[in-house]
Amino acid sequence: MDGSLNPQHESIENIAQPTHNERARQRFVSSLRKRVMVDMAQSLRRAYEHEVLPAFKQAAKRPPRDGREIRRAMLEHRYFRAWSSLRYVAQELTWWTVLPQVERNAARINAVAKAVARRAGPGSLRLNPQLPIPRDVSAMDIHLMPGCFHTEFHPDDAVMGAVYNHGTQVFSAGLKLRVKGGGVANSIAQWLRVRFPTFKPKRILDVGTTDGKNLLPYLDVFKSAEGYGIDVGAPMLRFGHALARSHGYNVHYAQMDARQMDFPDGHFDLVVSSFFLHEQSMSSNRAILKEIHRVLRPGGAMVHMELPPADECDPYYNFYLDWDAYYNNEPHYAGFRAGDPLQECVRAGFAAKSTFKTRIPNYTTVPDAEFAAVARGARPAPAHGNGASWFIFGGVK
Ligand SMILES: C[S@@+](CC[C@H](N)C(=O)[O-])C[C@H]1O[C@@H](n2cnc3c(N)ncnc32)[C@H](O)[C@@H]1O
């Protein structure tokens, strides 16, 4: 199999093209997700407010205390059942609709990833076939993605990277979550630029980088920086490395467990993650935050985009958000949200006064002036949900 990039396919993410019918199915799934997450979500809230809440209050002589009580009350409601089933199906179809195009092109995806890695070019790829895959990853197909992040079917396999890359586009197409790719990273990088104008990180590490989509935008904002991305899943890194190279980014990818990194102390100016920590057990999270503190230089910053903690949300939104814990193979989701992220930063070694948590708008969906006003603290961020704003927390060492 020829691993040279066909000029028509300038990037590895363009190799697995859908047929007309596959594209139609993917568009249907993106629209279904939008229907479920936006329109039906509003009707679900109305069903709660007009039927479930009054019945609960009548029986208990008080409103529900938390999201778990609301969940128990909603479980039997016909609208919740219909909504939840559709949401589950839309999640499964997100992956299933991209599998045919990826499987059809698997040999070429793998050959191109291998050929790109062999070529001289910016960045590097360091794999460790001996690395044990943590149970947080190997025990189940997280968010119902068949094969999860680590499964390899062939030698030099990058296929799961392609499934993740294409699937997340279907996942977010109706919701503008990853407009132009890497919406989270773009938002955080722009927030850092506005909020801390003198901060110019030279080495940036993204932990749990997956295909690196939420690492690359940092390098657009901090142009002289080198990117580092670690993950336990080799297929993600092979795909991400080819992707970064085809766009000319200088990124060093390594297969490594974030609980025990092999970087020297104080190596990085900025350590980031997105959609990562809520997939870890509490003990893993503590080990990871400690490691991040170790590899940051004094004065360096750590920023995580994560789910908002339960104590920052009303009980209904907690019920709504924690759906993933029950139906989407996200066993640590609710436990993570129940914790206090700033306390965890302090436990990892950050001084309490140097920790922060806030919400920032999605940079790709608001005008620059509005984004800057929120970043400067002059106005509040849009409400959380469907990618309108991101919850971030972290600390400065
Ligand atoms: C939900 S994904 C992160 C998504 C990605 N950051 C993004 O924004 O698109 C979680 C990633 O963390 C990786 N991971 C899980 N446990 C890890 C660990 N202990 N060390 C390094 N990576 C890990 C998984 O393999 C997976 O690729």
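This is a predicted model: local features need pLDDT of at least 70, side-chain atom pairs count only at pLDDT 80 or more; totals for chains, interfaces and linings use all residues.

Reader: What makes the radius of gyration of the protein chain agree with a compact globule?

Author: For 397 residues the rule gives a value near 21 Å, and the protein chain has 21 Å, so the two agree. Along its principal axes, the C-alpha trace spans about 70 × 55 × 45 Å.

Reader: What is the chain built from, and how much of it is buried?

Author: The protein chain has 16 helices and eight strands. Of its 397 residues, 45% are buried, where buried takes 20 or more other C-beta atoms within 10 Å. As for contacts between residues at least 6 apart in sequence, 79% join residues at least 24 apart.

Reader: Why are H1 and H3 called roughly antiparallel?

Author: Helix H1 (residues 20–60) and helix H3 (residues 78–96) have axes that cross at roughly 160°. Angles over 145 degrees count as roughly antiparallel, so H1 and H3 are roughly antiparallel to each other. Their axes come within 10 Å, and the crossing is left-handed.

Reader: Which residues meet there, and of what class are they?

Author: On the H1 side they include Val-29, Leu-32, Arg-33 and Met-40, and on the H3 side Phe-80, Trp-83, Leu-86 and Arg-87 are among them. By class, the contact has twelve nonpolar, two polar and two charged residues.

Key
Residues are numbered from 1 along each chain as its sequence is written. Helices (H or I, at least four residues) and strands (E, at least two) are DSSP runs, numbered from the N terminus. The radius of gyration is taken over C-alpha atoms; the globule rule is 2.2 Å times the number of residues to the power 0.38. A residue is buried if 20 or more other C-beta atoms lie within 10 Å of its own, exposed if 12 or fewer, and partly exposed in between; C-beta atoms are placed from the backbone. Two residues are in contact if their C-beta atoms, placed from the backbone, lie within 7 Å. Axes are lines fitted to C-alpha atoms, for helices over the stretch in contact, and angles run from 0 to 180 degrees between N-to-C directions. Angles under 35 degrees count as roughly parallel, over 145 as roughly antiparallel, 65 to 115 as roughly perpendicular and the rest as oblique. A crossing is left-handed if the near helix is turned anticlockwise from the far one by less than a right angle, and right-handed if clockwise. Ala, Val, Leu, Ile, Met, Phe, Trp, Tyr, Cys and Pro count as nonpolar, Asp, Glu, Lys and Arg as charged, and the others, Gly among them, as polar.
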